[in-house]
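User: I have this model open and would like to go through it piece by piece. Can you walk me through it?

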Amino acid sequence: MDNGRADTGVGAARYGNGELLTIGAFARASRLSPKALRLYDELGLLTPARVDPHSGYRHYAPAQLERARLVAWLRRLGMPLARIREVCELAPGAAAGAVAAYWAQVEADTAARRDLAAFLVDQLSRKDTVMTEPRTPLTMRYAAGTDRGLVRPANQDAAYAGPRLLAVADGYGPGGGPAATAAIEALTELEERDLNSADLLGALEEAARQAHRAAPSADEPTGSTLTALLRSGAQLALLHIGDSRAYVLRDSGLFRITHDHSVVQSLIDEGRLTPEEAPTHPQRALLLRSLDADTEFAPDLQLLDARPGERYLLCTDGLTGVVPAGTLQHVLTAADGPEQAVTELIALAREAGAPDNVGCVVAEMVAVTEA
């Protein structure tokens, strides 16, 4: 406990038979800031050899410098704190292997980000040329499906696919199934409205807001995720709240176009959890945002420009939790059409044990002349 003290003294303190460094001296020797050292203490990554019971000052043993410098180097690599903790507990040979494996993953992630950058460049370029190039009239081929899975007693996922609207919802709590169904039903009336591109996001957001207002209040947490695409011509409005996901398959690859609103995703973003740890984390089911009477309505919204040949996947975490992204891409690329893709994806989830309900929607953008 710091007791409000700055904890940045210099010099050394006698402790037992050895000389201890103050946090200021240790920070300079290790090239870590006092602020970082306090954080690593809180995380159990670099615990001081002694904390003064009266002042709260931290003191470190010189022998801890090797571990501190390793932590500093690994942070310079960009390694998350959770993984650094694992590496520091390994023998040198195993630690070397862990660092090599991490860097291989970094290079793979960099390649994925390179693809995402290409997607964003393409998306922004489309917006720049939209006034100078005629848009190809589009229609959609689509399919939707859900499955109870092999463990859950009831199916609380809902999925919908129509000429203009695609949506998935994942209910939770005692009334999760009805909540998911109600969330999608609140959007389906948009199928009948003649919306232009300027109205898309507003109409989709307002329909989802109504679903949020109608969410039941219960003694136990009850609500639903919601991920939806609403089309007008070649423009798509995306609304997302929760941890269901949306992907787009384009020439350059499969891109995830939503970000999970979950506790584990926030821990990953902060570097306190690795993606590999997320599936087994005890809080993996906790959401930061959802359609829930007890939470604020705060969806992510964006507009996308679609082109012929693109395929879109909307799915609940019952699919992405057991089927890796590479397999999703292979199925979406190889399937003859949306119906086959949905059937194969659900079958793959069941082959992987299907511990959760599965809901997915697949749509393909088709030029009107090809329809």
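Analyst: Start with β14: five of its five residues are buried, so the strand is largely enclosed by the rest of the structure. Buried means under 20% relative accessible area, exposed over 50%, and partly exposed in between, using a 1.4 Å probe and protein chains only. Strands (E, at least two residues) and helices (H or I, at least four) are DSSP runs, numbered from the N terminus.

User: Which residues of β14 are on each side?

Analyst: R311, L313 and C315 are on one side, and Y312 and L314 are on the other. All of them are buried, and both faces of β14 are covered.

User: Before we go on, what kind of model is this?

Analyst: It is a predicted model, in which local features need pLDDT of at least 70 and side-chain atom pairs count only at pLDDT 80 or more, while totals for chains, interfaces and linings use all residues. Residues are numbered from 1 along each chain as its sequence is written, and side-chain values use heavy atoms, with hydrogens and water left out.

User: OK. What is the strand order in the sheet?

Analyst: The order is β5-β15-β14-β11-β12, an open sheet of five strands with antiparallel pairing. Two strands pair if DSSP finds at least two bridges between them.

User: Which strands stand at the edges?

Analyst: β5 (138–147) and β12 (253–256) do. Each has a single partner strand, so one side of each is left without a neighbour in the sheet. From one strand to the next, the twist averages 20°.

User: How many bridges join β5 to β15?

Analyst: There are 10, with β15 covering residues 358–367 and the two strands running antiparallel.

User: New topic: how many disulfides?

Analyst: The count is zero, where a disulfide is a pair of cysteine sulfur atoms within 2.5 Å. The closest cysteine sulfur to that of C315 is in C360, 7.0 Å away, which is too far for a bond.

User: Are C315 and C360 buried or exposed?

Analyst: C315 counts as buried at 1% relative accessibility. C360 is buried too, with a relative accessible area of 0%.

User: Last one. At what angle do α1 and α3 cross?

Analyst: Helix α1 (residues 23–30) and helix α3 (residues 65–76) cross at roughly 55°, and their axes come within 9 Å. They are therefore oblique to each other: angles under 35 degrees count as roughly parallel, over 145 as roughly antiparallel, 65 to 115 as roughly perpendicular and the rest as oblique.

User: Which residues make the contact?

Analyst: F26, A29 and S30 of α1 meet L65, A68, R69 and A72 of α3. Contact means heavy atoms within 4.5 Å.

Key
Axes are lines fitted to C-alpha atoms, for helices over the stretch in contact, and angles run from 0 to 180 degrees between N-to-C directions.
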